[in-house]
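Welcome, and please have your viewer open and ready.

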Amino acid sequence: MAKSKQPEEEIIYVSKSELKRDAMEFHELGVEIANLSKKAREKLPLSNELVEAMNLADRLKEKKDAYRRHLNYIAKTLRGTDNVEDIHQAMAIITNKNNQKDVVINQIEQTRDELIAEGDSRLNPLLEQYPQLDRQRMRQIIRQAGKEVKQEKPGKSHKELFQILKELML
């Protein structure tokens, strides 16, 4: 009778340091979530247990040691949660909103400055991209903003051009 060979399971050893790093990641995630406003937390896919833990964390913020211990509890709860990856993705979206808005505003300012400096050569591609713009009105505002910049007094037209581009691009 021949013995059938069954593949032996490979045992994966996890170092103590790696376990500590994982625990620290969950702790840091718990701290980030606890520092969010209640409104921002509602956007996260948190379990009922985590929602209750976050509400308790809000009440314990004044008590330093109790808050620290409670953050450890939150990290422990997060380790047992199945949707940690979903929570990470939602956190990335929430924390990155301000950065994305800053980038868009910088692009709007750059476009405004290019319009003032280059005039019609920069306006034509913009009109192709956004056909709802009024060519005559835009040329008038750009000319006025250019005069204001030459006088080193950016004023009404400069701001109006920014507002038009902001409404258009945001």
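Start by selecting D58 and R41, whose side chains meet in a salt bridge, with 2.8 Å from N to O. A salt bridge here is a side-chain nitrogen of Lys or Arg within 4 Å of a carboxyl oxygen of Asp or Glu. D58 lies in helix α3 (residues 48-60) and R41 in helix α2 (residues 38-41), so this pair ties together parts that are 17 residues apart in sequence. Helices are DSSP runs of H or I with at least four residues, strands are runs of E with at least two, and both are numbered from the N terminus.

Before going on, a word on what you are looking at: this is a predicted model, in which local features need pLDDT of at least 70 and side-chain atom pairs count only at pLDDT 80 or more, while totals for chains, interfaces and linings use all residues. Residues are numbered from 1 along each chain as its sequence is written, and side-chain values use heavy atoms, with hydrogens and water left out.

Stay with the pair for a moment. Is R41 buried or exposed? R41 is buried, with a relative accessible area of 7%, while D58 counts as partly exposed at 22%. Buried means under 20% relative accessible area, exposed means over 50%, and partly exposed is in between (1.4 Å probe, protein chains only).

**Zoom out**

Now show the whole chain. How many helices and strands does the chain have? There are eight helices and zero strands. The radius of gyration, taken over C-alpha atoms, is 28 Å, well over the 15 Å that the globule rule gives for 170 residues, so the chain is more spread out than a compact globule. That rule is 2.2 Å times the number of residues to the power 0.38. Along the principal axes, the C-alpha atoms fill a box of roughly 90 × 60 × 30 Å. Buried residues make up 31% of the 170 residues.

**More salt bridges**

Select D120 and R139: their closest N and O atoms are 3.1 Å apart. This pair links distant parts of the chain, with D120 in helix α6 and R139 in helix α7 (residues 135-150), 19 residues apart. D120 is partly exposed at 32% relative accessibility, and R139 is partly exposed at 35%.

Next, select R112 and D113, which form a salt bridge with the closest N and O atoms 3.4 Å apart. R112 is buried at 12%, whereas D113 is partly exposed at 40%.

**A charged patch**

Select E18, D22, E25, E28 and E32, which gather in a patch of negative charge on the surface. Such a patch joins like charges within 9 Å, using residues with over 30% relative accessible area and no salt bridge; Asp and Glu count as negative. Click on E25, which sits in helix α1 (residues 16-35) and is exposed at 51%.

**Last stops**

Select N124 in helix α6 (residues 120-129), which is partly exposed at 31% relative accessibility. N124 and L170 are 46 residues apart in sequence and 20 Å apart in space, C-alpha to C-alpha.

Finish at E152, in the loop between α7 and α8 (156-169). What is phi of E152 near? Phi is near 60°, a positive value in a residue other than glycine. E152 is exposed, with a relative accessible area of 70%.

Key
Patches are made of residues with over 30% relative accessible area and no salt bridge: like charges are joined within 9 Å, nonpolar side chains (Val, Leu, Ile, Met, Phe, Trp, Tyr) within 5 Å. Accessible areas come from the Shrake-Rupley method with a 1.4 Å probe; for residues, only the protein chains shown count as cover. The place of a charge is taken as NZ of Lys, CZ of Arg, CG of Asp or CD of Glu.
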